[in-house]
Amino acid sequence: MKKIGIMTTGGDCSGLNTAIHRLNFGAMRRGWEIIGILDGTDGLSHDTPKVIKFDSKTLPIENVRLSGSFLCNGHAAAQNFETAAKTGKFEEFNNKLKKSLDKLKLDALILIGGNGSLSLAYKNRDLYADLSLICIPKTIDMDIPMTDRTIGFETAVQQLVSYCDQLMLTARSHHRWFIVQTMGREAGNLALNAGMAMGADAILIPEIKFDIDELVKHIKNQPRDYGIIMVSEGISLRGHSGKPADMISRALSAAGVINRTAYPEHIQRAGDTTATDRLLALKMADCALDAISNNETFVMTAMINGKCKTISLEEFFNNGDIVCDPNIPNMETSDAYVSPEDPLLKIAVNMGIYIGEVK
Ligand code: F6P
């Protein structure tokens, strides 16, 4: 009988509970013992690891739609690689984790994480040398190389679309524009997809340079005096500081365009998991369990051209844009951004939506 552990790390998103539920049931059907590690790596940093044993009553089916992680992702005082690095205790922390993993005697660990966690797992692989490490990509940012989709992205897009649908009505009533700032870090996928889905008149993303005068001209030329301008949190405007939406708002106000800013913030990470995200979580959970059965290790489940399969963590890491981790010295992260080939870019241009100075 195999013993497997599940851990959710990094920021939460919708779809984590679906994945956990499916992993639990799939593992039980295979006759495996399954435990959940609480609060991400914090659960492994204590003398007695903080874990719960799963059974058929753990995380009932009616709760799989709920956002957040049933296992939690960490708290302000939680120990993780970032906090350990900040206090110069990276090695010590690593040793604690190794001890806990040895104590738990896991055959496999399923790590559901974002690009930071996955990159760290690859770069720090000695830690998992004695077990089978299977990663499942999740993030609302969709900035993980080598997978067409990440768990949580689609629900975040839906949350933004619903949010903007509501704003549009008050925008119309007051003849004003709303500048909506999305999350996404340095990747514009969330802003681009949500903006295109809800009918924004302009979408600004970090991957494409924009000209503020052109944006103002574009908005002034619209046949309506209201609408949405979607801006990703990763954009910047030369000579300006502050929140991106505020910078754009000031420029529009200076040109006489009546506007307000709106910050959906963590609502993007909440919301009932969409059917598409649930199906993605289901496929990835099944693929992860198969990978354990096949004795694979250091792999990530990936959606590629509609098929879910495993790829090596090495392939994941080397196919992204490798940048220094801002929070952990001497650590690198592999990132993905909006591709210049993304069909939505061409559609935006064809539809007369301002997305910056595209060639
Ligand atoms: O990576 C997910 C994400 O939601 C980003 O889009 C955002 O910048 C960040 O996490 C917010 O982090 P926190 O929850 O710590 O404010």
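## Cysteines

A disulfide is a pair of cysteine sulfur atoms within 2.5 Å. In this predicted model, local features need pLDDT of at least 70, side-chain atom pairs count only at pLDDT 80 or more, and totals for chains, interfaces and linings use all residues. Residues are numbered from 1 along each chain as its sequence is written, and side-chain values use heavy atoms, with hydrogens and water left out.

Across the whole structure, the search finds zero disulfides. Cys164 is in no disulfide, and the nearest cysteine sulfur, that of Cys13, is 20 Å away. Cys164 is also buried (under 20% relative accessible area, with exposed over 50% and partly exposed in between; 1.4 Å probe, protein chains only), at 0% relative accessibility.

The sulfur of Cys287 lies 3.9 Å from the closest cysteine sulfur, in Cys308, and this is too far for a bond. Cys287 has 11% relative accessibility and therefore counts as buried.

## Ligand surroundings

The ligand is surrounded by Ile140, Asp141, Met183, Gly184, Arg185, Glu233, His266 and Arg269, where a residue is included if one of its heavy atoms lies within 4 Å. This shell divides into two nonpolar, two polar and four charged residues.

## Polar atoms and cover

For Glu233, the distance from a side-chain N or O atom to a ligand oxygen is 2.6 Å, and for a polar side-chain atom of Arg269 it is 2.9 Å. The protein covers 66% of the 400 Å² of accessible area that the ligand has on its own (Shrake-Rupley method, 1.4 Å probe).

Conventions
Polar contact = N/O pair within 3.5 Å; in protein donor to acceptor, adjacent residues only side chain to side chain. Nonpolar A, V, L, I, M, F, W, Y, C, P; charged D, E, K, R; others polar.
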